[in-house]
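Okay, thanks for having me, everyone. Let me put the structure up on the screen, and then I'll walk you through a few parts of it.

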Amino acid sequence: MKRRYFVKRFAASALAAALLPAARAAELAAEPAPVPGAPIAGGKPVHILIGFPPGGGTDTVARLLADKLAVQLGQPVVVDNRPGAGGQIAAQLLKNARPDGLTLFFSHDHTISILPLVVRQPGFDPVKDFTQVAGVASFANTFAVSAATPASSLDEYMAWARQQDGRGSSVGIPAPASVPEFLVKVLSQKYGADLLSVPYRGTAPMVADMLGNQISAGIGSVPEFIENHRAGKLRVLATLGPQRQKTLPEVPTFAELGLRGFEDLPYYGFFAPKGTPQDALDALSEAIRRVMADPGVQDRLDRIGLTSEYMSAAQLTARARAYERTWSRIIRESGFQPQ
């Protein structure tokens, strides 16, 4: 049977491409090509602000995407960690950055949708100060316990926590006044357990304390727990979301366990300073779209527990506002007062 190969390469590599198996040739042909056009702001480095320390889930995803974006944009892309205050420091830096397309903020729901609900003066307004560029994924938060905690299910953990009489039933959270903290409050009320939220500056130090059995449990995203769960160093007992996670098919959802209202999944997205030129926003969005179309990127994100999902600026805006509406109700009903 006559075979045809449509692999667009330089002439010198045409013969080599023709000798590849058909599947590999098709794979090469499908790889996203670099974005055409002039580099942004003369090709200077693009800086991606991260509001959390290196080693956490946000940092891991940002570095994966940054490498691919550099190829698509044809200019350097640098990850700039500015941890602190649940992403507030990085968000304030974005607000004050020059709107030339060279500074982006890669964030999940906490800084964009939750902080403005729980902090009276966060130092930024996502609506007035930021412009959405593109969304890249959704993910589920999970409840996990340390290896030394004698529980293999959420019910067993709560029964154990009630017996501690306030001792040892500490639950780590990545930031104060975050979705995980409100989830701890809901769990305490539902199970009649005296759970104590322990806020950290990001998930990485929290996981380190869990691995050292310094705290009995923690709440974080699937990417931040998945490898240690697989290795038996931590145990994930429940996940948020409308259905079980593909990477954790054995772990029930909170809805399955009778705790409903937490089906709306958080998101990851890129944001730029308000006033960034539209041509720069278009170039960035298109580069992100091409990166997210890469099967290799999709596979890597899926394997660490994210659902890869390109969202246009308009779609990311709608997603963030819907998530904010959901959690504004939960926060209000919890009795929490902005600080």
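The buried residues of α10 pack against α3 (57-73), β5 (141-146), α9 (203-211), β8 (217-221) and β9 (234-239). Contact here means heavy atoms within 4.5 Å.

Before I go on, a word on what you're looking at: this is a predicted model, where local features need pLDDT of at least 70, side-chain atom pairs count only at pLDDT 80 or more, and totals for chains, interfaces and linings use all residues. Residues are numbered from 1 along each chain as its sequence is written, and side-chain values use heavy atoms, with hydrogens and water left out.

Back to α10, then. Helix α10 covers residues 222-230, and seven of its nine residues are buried. Those are V222, P223, E224, F225, I226, N228 and H229. Buried means under 20% relative accessible area, exposed means over 50%, and partly exposed is in between, with a 1.4 Å probe and protein chains only. The helices (H or I, at least four residues) and strands (E, at least two) are DSSP runs, numbered from the N terminus. Just after α10 comes G232, with a positive phi of about 80 degrees.

What do the side chains of T203 and E224 share? They are joined by a polar contact of 3.0 Å. A polar contact is a pair of N or O atoms within 3.5 Å; within protein, one must be able to donate a hydrogen and the other to accept it, and residues adjacent in sequence count only if both atoms are side-chain atoms. T203 is in helix α9, and T203 counts as buried because its relative accessibility is 6%.

Now the sheet. It's an open one of six strands with mixed pairing, in the order β2-β1-β3-β10-β4-β11. β2 (77-81) and β11 (307-311) stand at the edges with a single partner strand each, so one side of each has no neighbour in the sheet. On average, neighbouring strands here are turned by 25 degrees against each other, direction ignored. Axes are lines fitted to C-alpha atoms, for helices over the stretch in contact, and angles run from 0 to 180 degrees between N-to-C directions. α3 packs on this sheet, touching β1 (46-50), β2, β3 (103-108), β4 and β10, and its direction makes about 160 degrees with that of β2.

Let's look at one pair of strands. β4 (residues 130-138) and β10 (residues 267-273) run antiparallel and are joined by seven bridges; two strands pair if DSSP finds at least two bridges between them. A137 stands opposite Y268 in β10.

On to the inside. The largest nonpolar core has 50 residues, and V118, F143, Y157, M158, L187, L195 and F254 touch the most other members. A nonpolar core is a set of buried Ala, Val, Leu, Ile, Met, Phe, Trp, Tyr and Cys residues joined through side-chain atoms within 4.5 Å. Apart from that one lies another core of 35 residues, among them V79, L104, I288 and V291.

Last stop, R300 in helix α12 (residues 295-303). R300 counts as partly exposed because its relative accessibility is 44%. Its C-alpha atom is separated by 9.5 Å from that of V61, 239 residues apart along the chain.

To zoom out: the chain has 13 helices and 11 strands, and 52% of its 339 residues count as buried.
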